[in-house]
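The entries follow in the order in which I looked things up.

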Amino acid sequence: MKILIFNQKGGVGKTTTALNLGVGLAKFGELPVTLVDLDQQTHLTAALGYRTENFTWNVSDWLTGKTGSPQQVDERLSLIVGDANPPLNLDLSETVLNSKGVVIIDAPPVWNATVAHLMQRVDWILTPLEPEFMSMQGISRLLETMEKNHISWQKLRLLLCRFDNRLVTHRQMRESLSQRFSEHVLRGVIRNNIRLAEAPAYSRSIFDYAPDSSGANDYYALTHYWLNFLNSK
Ligand SMILES: Nc1ncnc2c1ncn2[C@@H]1O[C@H](COP(=O)(O)OP(=O)(O)OP(=O)(O)O)[C@@H](O)[C@H]1O
Ligand SMILES: [Mg+2]
(Lines give C-alpha, C1' and ligand atoms only; values in the text may rest on other atoms or scores of the structure.)
(Ligands and ions follow the chains in the order given, each with its own letter.)
Protein backbone atom coordinates (compact mmCIF):
# COMPACT_ATOMS: atom_id res chain seq x y z
CA MET A 1 0.00 0.00 0.00
CA LYS A 2 1.33 3.39 -1.00
CA ILE A 3 0.03 6.62 0.51
CA LEU A 4 1.02 10.11 -0.63
CA ILE A 5 0.35 12.77 1.99
CA PHE A 6 -0.37 15.95 0.11
CA ASN A 7 -1.92 19.38 0.45
CA GLN A 8 -0.54 22.38 -1.43
CA LYS A 9 -1.39 24.47 1.62
CA GLY A 10 1.48 24.68 4.10
CA GLY A 11 1.41 23.89 7.81
CA VAL A 12 -1.74 21.75 7.82
CA GLY A 13 -0.30 18.61 9.46
CA LYS A 14 1.23 16.64 6.56
CA THR A 15 4.55 15.88 8.25
CA THR A 16 2.89 15.26 11.63
CA THR A 17 0.58 12.76 9.92
CA ALA A 18 3.37 11.06 7.92
CA LEU A 19 5.45 10.62 11.07
CA ASN A 20 2.75 9.35 13.40
CA LEU A 21 0.89 7.24 10.87
CA GLY A 22 4.18 5.71 9.69
CA VAL A 23 5.34 4.88 13.20
CA GLY A 24 1.82 3.67 14.08
CA LEU A 25 1.62 1.28 11.14
CA ALA A 26 5.06 -0.14 11.94
CA LYS A 27 4.26 -0.47 15.66
CA PHE A 28 0.76 -1.90 15.47
CA GLY A 29 0.84 -3.61 12.07
CA GLU A 30 2.86 -6.44 10.61
CA LEU A 31 4.25 -5.09 7.36
CA PRO A 32 7.49 -3.16 6.92
CA VAL A 33 6.89 0.58 6.57
CA THR A 34 9.03 3.00 4.56
CA LEU A 35 8.70 6.71 5.23
CA VAL A 36 9.78 8.95 2.36
CA ASP A 37 10.73 12.58 2.97
CA LEU A 38 9.90 14.24 -0.34
CA ASP A 39 9.97 17.78 1.03
CA GLN A 40 13.16 19.80 0.73
CA GLN A 41 12.37 21.37 4.11
CA THR A 42 13.35 17.85 5.36
CA HIS A 43 11.14 18.17 8.46
CA LEU A 44 10.30 14.47 8.51
CA THR A 45 13.98 13.52 8.51
CA ALA A 46 14.63 15.98 11.35
CA ALA A 47 11.57 14.80 13.31
CA LEU A 48 13.09 11.31 13.35
CA GLY A 49 16.41 12.72 14.59
CA TYR A 50 18.51 12.55 11.39
CA ARG A 51 20.51 15.18 9.52
CA THR A 52 20.38 15.02 5.75
CA GLU A 53 24.03 16.08 5.37
CA ASN A 54 25.12 12.80 6.97
CA PHE A 55 23.68 10.76 4.10
CA THR A 56 25.07 10.14 0.63
CA TRP A 57 21.91 8.45 -0.66
CA ASN A 58 18.64 10.33 -0.32
CA VAL A 59 15.18 10.80 -1.77
CA SER A 60 16.48 12.19 -5.10
CA ASP A 61 18.52 8.99 -5.59
CA TRP A 62 15.47 6.91 -4.65
CA LEU A 63 13.32 8.79 -7.16
CA THR A 64 15.81 8.29 -9.97
CA GLY A 65 16.35 4.61 -9.19
CA LYS A 66 19.95 4.76 -7.93
CA THR A 67 20.88 1.81 -5.79
CA GLY A 68 21.05 2.47 -2.06
CA SER A 69 19.33 1.61 1.19
CA PRO A 70 16.96 3.52 3.40
CA GLN A 71 17.94 4.30 6.97
CA GLN A 72 16.62 1.66 9.39
CA VAL A 73 14.78 3.53 12.16
CA ASP A 74 13.18 0.66 14.01
CA GLU A 75 12.53 -3.03 13.54
CA ARG A 76 9.84 -2.50 10.91
CA LEU A 77 10.37 1.17 10.06
CA SER A 78 12.80 2.74 7.60
CA LEU A 79 13.30 6.24 6.26
CA ILE A 80 14.35 7.60 2.90
CA VAL A 81 15.94 10.85 4.00
CA GLY A 82 15.11 14.17 2.40
CA ASP A 83 17.24 16.21 0.02
CA ALA A 84 17.66 19.84 1.08
CA ASN A 85 18.99 20.77 -2.39
CA PRO A 86 17.20 18.60 -4.91
CA PRO A 87 18.15 18.93 -8.58
CA LEU A 88 15.67 20.96 -10.66
CA ASN A 89 14.72 18.21 -13.08
CA LEU A 90 14.66 14.66 -11.88
CA ASP A 91 14.50 11.84 -14.35
CA LEU A 92 12.01 9.73 -12.41
CA SER A 93 12.53 5.99 -12.41
CA GLU A 94 9.71 3.71 -13.49
CA THR A 95 10.51 1.36 -10.62
CA VAL A 96 10.35 4.00 -7.93
CA LEU A 97 7.28 2.59 -6.19
CA ASN A 98 7.94 -1.09 -6.63
CA SER A 99 8.99 -1.57 -3.03
CA LYS A 100 7.01 -3.97 -0.87
CA GLY A 101 5.07 -3.23 2.32
CA VAL A 102 3.68 0.17 3.21
CA VAL A 103 5.19 3.35 1.74
CA ILE A 104 4.21 6.73 3.16
CA ILE A 105 5.38 9.82 1.32
CA ASP A 106 5.47 13.23 2.98
CA ALA A 107 5.02 15.69 0.10
CA PRO A 108 6.03 19.36 -0.01
CA PRO A 109 3.32 22.04 0.02
CA VAL A 110 3.65 22.55 -3.74
CA TRP A 111 2.34 20.88 -6.83
CA ASN A 112 5.19 19.79 -9.10
CA ALA A 113 6.00 17.12 -11.69
CA THR A 114 7.28 14.68 -9.07
CA VAL A 115 4.13 15.03 -6.97
CA ALA A 116 1.98 14.53 -10.08
CA HIS A 117 3.97 11.43 -11.09
CA LEU A 118 3.70 9.88 -7.63
CA MET A 119 0.00 10.71 -7.41
CA GLN A 120 -0.61 8.62 -10.51
CA ARG A 121 1.15 5.67 -8.96
CA VAL A 122 0.08 5.58 -5.31
CA ASP A 123 -2.99 3.76 -3.99
CA TRP A 124 -4.14 6.64 -1.79
CA ILE A 125 -3.74 10.37 -1.47
CA LEU A 126 -4.26 11.48 2.11
CA THR A 127 -4.90 15.20 2.46
CA PRO A 128 -4.72 16.73 5.93
CA LEU A 129 -6.55 20.02 6.23
CA GLU A 130 -7.50 22.51 8.87
CA PRO A 131 -11.16 23.16 9.63
CA GLU A 132 -11.29 26.60 8.01
CA PHE A 133 -13.37 28.01 5.21
CA MET A 134 -10.31 28.56 3.00
CA SER A 135 -9.50 24.85 3.17
CA MET A 136 -12.69 24.11 1.25
CA GLN A 137 -11.49 26.27 -1.65
CA GLY A 138 -8.11 24.56 -1.49
CA ILE A 139 -9.73 21.14 -1.81
CA SER A 140 -11.83 22.23 -4.78
CA ARG A 141 -8.66 23.47 -6.45
CA LEU A 142 -6.89 20.21 -5.66
CA LEU A 143 -9.71 18.21 -7.23
CA GLU A 144 -9.53 20.35 -10.39
CA THR A 145 -5.77 19.85 -10.60
CA MET A 146 -6.17 16.11 -10.11
CA GLU A 147 -8.77 15.95 -12.85
CA LYS A 148 -6.54 17.87 -15.28
CA ASN A 149 -3.73 15.42 -14.56
CA HIS A 150 -6.01 12.38 -14.98
CA ILE A 151 -5.70 11.30 -11.36
CA SER A 152 -8.71 9.52 -9.95
CA TRP A 153 -10.63 11.23 -7.13
CA GLN A 154 -11.42 7.81 -5.77
CA LYS A 155 -8.04 7.63 -4.10
CA LEU A 156 -8.46 10.89 -2.21
CA ARG A 157 -9.11 10.87 1.53
CA LEU A 158 -9.45 14.07 3.57
CA LEU A 159 -8.29 14.22 7.17
CA LEU A 160 -9.30 17.09 9.44
CA CYS A 161 -6.36 18.12 11.65
CA ARG A 162 -6.07 20.52 14.57
CA PHE A 163 -9.75 19.99 15.21
CA ASP A 164 -11.42 21.58 18.24
CA ASN A 165 -14.88 20.22 18.94
CA ARG A 166 -15.71 23.19 21.17
CA LEU A 167 -15.59 25.54 18.20
CA VAL A 168 -18.83 25.92 16.28
CA THR A 169 -16.89 26.86 13.14
CA HIS A 170 -14.93 23.61 13.29
CA ARG A 171 -18.09 21.53 13.73
CA GLN A 172 -19.75 23.39 10.87
CA MET A 173 -16.75 22.90 8.65
CA ARG A 174 -16.75 19.16 9.36
CA GLU A 175 -20.43 19.01 8.46
CA SER A 176 -20.03 20.95 5.19
CA LEU A 177 -17.00 18.89 4.18
CA SER A 178 -18.87 15.64 4.76
CA GLN A 179 -21.86 16.90 2.77
CA ARG A 180 -19.74 18.03 -0.12
CA PHE A 181 -17.12 15.28 -0.28
CA SER A 182 -19.01 12.44 1.51
CA GLU A 183 -17.02 9.19 1.63
CA HIS A 184 -13.79 11.03 0.85
CA VAL A 185 -13.80 12.57 4.34
CA LEU A 186 -12.41 10.37 7.11
CA ARG A 187 -14.76 10.12 10.08
CA GLY A 188 -11.94 10.29 12.60
CA VAL A 189 -10.28 13.67 13.10
CA ILE A 190 -6.96 14.72 14.65
CA ARG A 191 -7.62 17.07 17.52
CA ASN A 192 -5.47 20.06 18.32
CA ASN A 193 -2.92 18.77 20.82
CA ILE A 194 0.26 20.52 21.90
CA ARG A 195 1.97 17.17 22.51
CA LEU A 196 1.94 16.58 18.75
CA ALA A 197 3.90 19.79 18.23
CA GLU A 198 6.37 18.94 21.02
CA ALA A 199 7.22 15.34 20.07
CA PRO A 200 9.48 16.04 17.02
CA ALA A 201 11.83 18.14 19.18
CA TYR A 202 12.60 14.90 21.07
CA SER A 203 12.88 12.84 17.83
CA ARG A 204 9.87 10.86 18.90
CA SER A 205 6.48 9.90 17.60
CA ILE A 206 3.42 10.74 19.67
CA PHE A 207 3.15 7.08 20.72
CA ASP A 208 6.53 7.24 22.46
CA TYR A 209 6.44 10.85 23.62
CA ALA A 210 2.91 11.09 25.05
CA PRO A 211 1.08 7.75 24.74
CA ASP A 212 -1.86 8.92 26.85
CA SER A 213 -2.46 12.14 24.94
CA SER A 214 -5.43 12.86 22.67
CA GLY A 215 -2.90 13.10 19.82
CA ALA A 216 -1.79 9.50 20.42
CA ASN A 217 -5.44 8.41 20.59
CA ASP A 218 -6.32 10.10 17.32
CA TYR A 219 -3.29 8.78 15.42
CA TYR A 220 -3.95 5.31 16.87
CA ALA A 221 -7.47 5.44 15.42
CA LEU A 222 -6.08 6.64 12.07
CA THR A 223 -3.52 3.82 12.09
CA HIS A 224 -6.32 1.30 12.62
CA TYR A 225 -8.37 2.77 9.80
CA TRP A 226 -5.49 1.95 7.40
CA LEU A 227 -4.68 -1.39 9.06
CA ASN A 228 -8.28 -2.46 8.39
CA PHE A 229 -7.74 -1.72 4.71
CA LEU A 230 -4.58 -3.81 4.67
CA ASN A 231 -6.28 -6.70 6.46
CA SER A 232 -9.29 -6.66 4.17
CA LYS A 233 -7.11 -7.29 1.09
N1 LIG B 1 -3.05 18.22 15.68
C2 LIG B 1 -2.11 19.14 15.98
N3 LIG B 1 -2.15 19.79 17.15
C4 LIG B 1 -1.21 20.73 17.45
N5 LIG B 1 -0.20 21.08 16.65
C6 LIG B 1 -0.10 20.46 15.47
C7 LIG B 1 -1.05 19.45 15.07
N8 LIG B 1 -0.69 19.01 13.82
C9 LIG B 1 0.41 19.71 13.48
N10 LIG B 1 0.77 20.57 14.45
C11 LIG B 1 1.88 21.53 14.42
O12 LIG B 1 1.60 22.46 13.37
C13 LIG B 1 2.78 22.80 12.65
C14 LIG B 1 2.63 22.40 11.18
O15 LIG B 1 2.47 20.98 11.12
P16 LIG B 1 3.22 20.12 10.01
O17 LIG B 1 4.67 20.46 9.95
O18 LIG B 1 2.84 18.71 10.24
O19 LIG B 1 2.49 20.67 8.72
P20 LIG B 1 2.89 20.45 7.17
O21 LIG B 1 1.61 20.42 6.43
O22 LIG B 1 3.79 19.31 7.04
O23 LIG B 1 3.70 21.80 6.87
P24 LIG B 1 4.54 22.10 5.51
O25 LIG B 1 3.51 22.39 4.47
O26 LIG B 1 5.38 23.29 5.86
O27 LIG B 1 5.33 20.88 5.20
C28 LIG B 1 3.91 22.05 13.34
O29 LIG B 1 4.51 22.90 14.28
C30 LIG B 1 3.20 20.90 14.04
O31 LIG B 1 3.91 20.44 15.17
MG1 LIG C 1 5.70 19.17 6.12
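**Strand 2 and its partners**

I began with strand 2, which is joined to strand 5 by five bridges, the two running parallel. Helices (H or I, at least four residues) and strands (E, at least two) are DSSP runs numbered from the N terminus, and I call two strands paired if DSSP finds at least two bridges between them. I looked up Thr34 and found its bridge partner in strand 5 to be Val103. Thr34 also stands opposite Ser78 in strand 4.

I noted that this is a predicted model, in which local features need pLDDT of at least 70 and side-chain atom pairs count only at pLDDT 80 or more, while totals for chains, interfaces and linings use all residues. Residues are numbered from 1 along each chain as its sequence is written, and chains are lettered from A and ligands numbered from 1 in the order in which they are written.

I then looked at strand 4 (residues 77-80), which pairs with strand 2 in the parallel sense over four bridges. Val36 has Ile80 as its bridge partner there.

Is strand 2 covered or open? I found strand 2 (residues 33-37) mostly covered, with five of its five residues buried. I use buried for 20 or more other C-beta atoms within 10 Å of a residue's own, exposed for 12 or fewer and partly exposed for in between, with C-beta atoms placed from the backbone. Val33, Leu35 and Asp37 lie on one side of strand 2, Thr34 and Val36 on the other, and all are buried. In a regular strand the side chains alternate between the two faces of the sheet.

I checked strand 3 against strand 4 and found two bridges, with the strands antiparallel. Gln71 has Leu79 of strand 4 as its bridge partner, and a hairpin of four residues joins strand 3 to strand 4. Strand 1 and strand 6 are joined by three bridges and run parallel. Ile3 has its bridge partner, Trp124, in strand 6.

Which residues of helix 4 (residues 113-121) are buried? I listed Thr114, Leu118 and Met119. They cover an arc of only 135 degrees around the axis, which puts them on the same side of helix 4; the arc is that of the directions from the helix axis to the C-beta atoms. An α-helix has 3.6 residues a turn, so residues three or four places apart point the same way. Among what covers the buried residues of helix 4 I noted strand 1 (2-5), helix 3 (59-63), strand 5 (102-106) and strand 6 (124-129), where contact requires C-beta atoms, placed from the backbone, within 7 Å.

**Around ligand 1**

I looked up the 19 residues around ligand 1, of which Lys14, Thr15, Thr16, Pro109 and Ala197 come nearest. A residue is near a molecule or strand if its C-beta atom, placed from the backbone, lies within 6 Å of it. Helix 1 and helix 7 (194-198) each supply at least two residues of this shell. I sorted the shell into seven nonpolar, nine polar and three charged residues. Here Ala, Val, Leu, Ile, Met, Phe, Trp, Tyr, Cys and Pro count as nonpolar, Asp, Glu, Lys and Arg as charged, and the others, Gly among them, as polar.

**Single residues**

I looked at His150 in the loop between helix 5 and strand 7. Its phi is near 55 degrees, a positive value in a residue other than glycine. His150 counts as exposed, with 9 C-beta neighbours inside 10 Å.

Arg162, in the loop between strand 7 and helix 6 (168-181), has a positive phi of about 55 degrees although it is not a glycine. Arg162 counts as buried, with 21 C-beta neighbours inside 10 Å.

Last, I looked up Arg141 in helix 5 (residues 133-148). Arg141 is partly exposed, with 13 other C-beta atoms within 10 Å. Its C-alpha atom is separated by 9.6 Å from that of Gln8, 133 residues apart along the chain.

Note on methods:
Two residues are in contact if their C-beta atoms, placed from the backbone, lie within 7 Å.
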